[in-house]
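Let's take a friendly walk through this protein chain, starting from its inside. Keep the 3D view open and turn it as you read.

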Amino acid sequence: MTRTREQLNLTVTMKVLFWALVFAFPLLCTHQQICKLRGKFSLNHSVEEGEVIIGGMFNVHSDRIEILHSFKDVPQETQCRRFDFRAFRLVQTMIFAIEEINKNPALLPNVSLGYRIYDDCSSPIIATKAALALINGKGQVVDEKCNQRPLVSALIGGGSSSESIAITRLISPFRIPLVSYFSTCACLSNKDNFPTFYRTIPSDYHQSKFLAHIVKNFGWTWIGTIRVNNDYGNFGMQAFIETVEKLGVCIAFSESFYRTDPRERMMEIVEVIKKASTKVVVAFSSTQEMRILLKELLRQNVTDIQWIGSEAWVTADLLAPEENVKILVGTIGSAIRRSEIPGLREFLLQVKPFMVSGDVLVKEFWETAFQCSLNPADAINPANSSVEMRRCTGNERLEELQNAYSDLEMDGSTYNVYKAVYALAHAFHNMFACKNGEGPFVNSTCIIVSNFEPWQVLRYMQTVNFRTKNGDNVYFDEKGDPVAAYDLVNWQTNSKGVAHVQTIGYYDGSAPPGQQVVLNERSIVWRGGQRTVPRAVCAENCPLGTRKLIRKGRPICCFDCTPCSEGEVSNTTDSTDCVKCPTEYWPNISRDKCVPKEIEFLSYTEILGIVLATLALSGLKKCRTVLNPKCEDKDYLKSIDNWQPITIGPNLLRLFTKILAKRLSKTVKINPRQKGFLAATPGCNENIVILENIIKRAKHNHKDLAVVFVDLARAFNLVGYNLLIKILQRVQLPKAFAGLIKDLYSGNITVVEGNRNFTTSVNIERSVKQGDPLSPILFNIALDPLVCSLEKANSRVAMPLAAEESTARLWPSWMTLPF
């Protein structure tokens, strides 16, 4: 994955810091030197003392001025900018939760919680600096030696996954727990790499499954993806693509960027979006990057995109109200579950700049919200230095504000901060309530209340399990993750034409499979305020009777539809293969079903019928006889008796008689003693085995046995025309059928072939023809009376064999009579 400049700088900084600590720490402790802070520290913060201190880090400023260091002078302090009202609301939520816990006699009785909250300016580097300050303090000289306890027992922070990764890697050696309210990267669930990390927001693993389900549910198979180029965007999008591709969805384009990229990069991405054949785009991005991209899209008037957003930005107030209506209405995405916190709104409205002395965060909030100055000396408008700002009275009404600070309906991150504070409080409570002999430490001991360590708090994090005032259960699994739960939200316009976020469904990770997603599709407003679901496919579905033909060099979602070949059908949409119809069936016109073949009769009045009838009458009964030698001795071959004549009729006649033979075999039952010429029977081998067993048994029992072998010489010649008439009468065939067979065996002529010459025509007056498909079944029918007579004779004669063994056995041209 591509790494941003900030990530590379952070990596170098972390490596330098690590080795500095490795080499410096033994030296300092060995010589009992005083710990000193090297450099200037000027991060904005809020502080309240207590017996147990919780550290906090929030993106109170959403951006900072990037400074290129010359490495010749002392680096300048990073300057933060763009005060974020939503993040300041999270700061106040943490303070509210701590004050609420301090007033609760049932939770942490006789223990007061305090806090140290820093602004990390949405930067992993500054977040690392803030974490060090929370652990070590920010004084220039510390009276304690290097083995002092950290100033905080636990941290709440990580406004992004990159920040949480940086902070956790720094504090993990000290075993200090970090509870994040906004870091969703699935990578943070790895306890081998991040053993002290916990969070009250679900992992992106679940969000990816949720968004993939939404994409599949609306039939989108051709989508674009955009991600922020950091840990959150890269890991989140990777999990999403892996999940969605398993569902048969293809990616039309995939772009990434970071807030520090030049505008040319934004223009390139917008050009890709404009040229793409899909208008459905999934965006894993933070608020800053998404604001930059949306601004560029508005400049180029690209407003027809159907956005699918991740939780980091989909509920954020990114643009001006009129811009939200123009580009964001119709957006859907996953959002943190929202829940009202009793008393929080009233607490937020009570914040006053003069009530908290020296709190620069409250001071900046007030001046930014009301566009005034609390200090006359600073009353200059930062946007226009020639314009003097009005003086703040401190009595301005927060109720009149219309921004993210007062709008608790926009996102659920407030509730996550609230739960994070309470989770730590319950861990502290369980630790302080420990009884000696029941503790988790050596010899079942408990902590010393006045001198506990953060690593001891970490042991109790897994015991956290409580219910909030709203009835939600809060606990952490073995990976430090909570139960996954999201709202599905949709940007819509209200009656005043103002864009707002509306909940249209939810995802519950604790529900059984198939019941995790609940969605109200009828309440969704799509891009441009439409009510119809937008299409996002590379190729339309292939109808029945066709199959998919993948376009060369394109994803599997891009295909053409080609009709099934002759004799094949497909009865499913988007079929990849066509199926061949059985022999007696053929496809219907649509080629989506196999139907029985229809028999069509030609009329004698049609030209084709006249031609075929003429040909049939003229050549149907004209045959050709081939003489096959019975031996190789030339002297014997001088006698006509040593030649076997095979008479073959025309192809049309044989095709016709084969059909008649098949129908005749289904109509007439042949005695099972006959084994020649019969389909679906064991064949002549069965008679051979039976005869062998008869002989073996007679030898074994020392009994007399005689077997008469009767050779039916020239077997087919035995069935003359007169006998044929009688057997047809015996089996009681329909008159038309019997008449047809009689006609086929009367008036036939043949020519004898020899030395590539033919004799003159010879009339066929006896026997069935050797090469005719109808001859074998007629021969079997003719022999059936003889078989029946032998069976009756066997029943009246005493024989030394079993009845079924002593009966005559018939082969194609000979039979046996054992007795």
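This is a predicted model: local features need pLDDT of at least 70, side-chain atom pairs count only at pLDDT 80 or more; totals for chains, interfaces and linings use all residues.

The largest nonpolar core has 104 residues, and the members that touch the most others are Phe-58, Met-94, Trp-220, Phe-240, Phe-365 and Phe-428. Which helix gives the most to this core? Helix H12, residues 413–432, supplies 13 residues. The core lies between domain 1 (45–67 + 77–201 + 341–377 + 394–471) and domain 2 (205–339 + 483–529), because both of them give residues to it. There is also a second, separate core of 32 residues, including Phe-257, Ile-273, Ala-276 and Leu-293.

**The chain as a whole**

Now zoom out. The chain contains 20 helices and 34 strands. Of its 819 residues, 46% are buried. Counting contacts between residues at least 6 apart in sequence, 67% join residues at least 24 apart. The accessible surface of the chain is about 43100 Å², and carbon and sulfur atoms account for 53% of that surface.

**Around Phe-365**

Go back to Phe-365, one of the core members named above. Beyond its neighbours within four places in sequence, Phe-365 is in contact with Phe-83, Phe-85, Phe-88, Leu-398, Leu-401 and Tyr-405. Phe-365 also belongs to an aromatic cluster, together with Phe-83, Phe-85, Phe-88, Trp-366, Phe-370 and Tyr-405.

**Pairs of rings**

A pair of aromatic rings is described by the distance of the centres and the angle of the planes. The chain has 30 aromatic pairs, and two of them are set out here.

| Pair | Distance between centres | Angle between planes | Arrangement |
|---|---|---|---|
| Tyr-415 and Tyr-418 | 6.5 Å | 15 degrees | stacked |
| Tyr-422 and Phe-466 | 6.5 Å | 35 degrees | tilted |

Why is the pair of Tyr-415 and Tyr-418 stacked? Their planes are at 15 degrees, and planes under 30 degrees apart count as stacked. Tyr-415 and Tyr-418 sit 3 residues apart in helix H12, so about one helical turn separates them. Both of these tyrosines are buried.

Tyr-422 and Phe-466 are both buried too. This pair links distant parts of the chain: Tyr-422 is in helix H12, while Phe-466 is in strand S16 (residues 465–467), 44 residues apart.

Lys-191 lies over the face of Tyr-198, 4.0 Å from the ring centre. Likewise, the charged end of Lys-548 is over the ring of Phe-559, at 4.8 Å from its centre.

**A buried leucine in a loop**

Is Leu-774 buried or exposed? Leu-774 is buried, because its relative accessible area is 0% and buried means under 20%. Leu-774 is found in the loop between strand S32 (762–763) and helix H19 (775–796). Leaving out residues up to four places away in sequence, Leu-774 touches Thr-657, Leu-660, Ala-661, Leu-664, Ile-741 and Tyr-745.

**A covered helix**

Finally, find helix H4, residues 161–171, which is mostly covered: 10 of its 11 residues are buried. Among them are Ser-161, Glu-163, Ile-165, Ile-167, Leu-170 and Ile-171.

Notes
Residues are numbered from 1 along each chain as its sequence is written. Side-chain values use heavy atoms; hydrogens and water are left out. Helices (H or I, at least four residues) and strands (E, at least two) are DSSP runs, numbered from the N terminus. Buried means under 20% relative accessible area, exposed over 50%, partly exposed in between (1.4 Å probe, protein chains only). Contact means heavy atoms within 4.5 Å. Accessible areas come from the Shrake-Rupley method with a 1.4 Å probe; for residues, only the protein chains shown count as cover. A nonpolar core is a set of buried Ala, Val, Leu, Ile, Met, Phe, Trp, Tyr and Cys residues joined through side-chain atoms within 4.5 Å. Domain bounds come from an automatic or database domain assignment. Rings of Phe, Tyr and Trp (its six-membered ring) pair if their centres lie within 6.5 Å; planes under 30 degrees apart count as stacked, over 60 as edge-to-face and the rest as tilted. A charge sits over a ring if NZ of Lys or CZ of Arg is within 6 Å of the ring centre and within 35 degrees of the ring normal.
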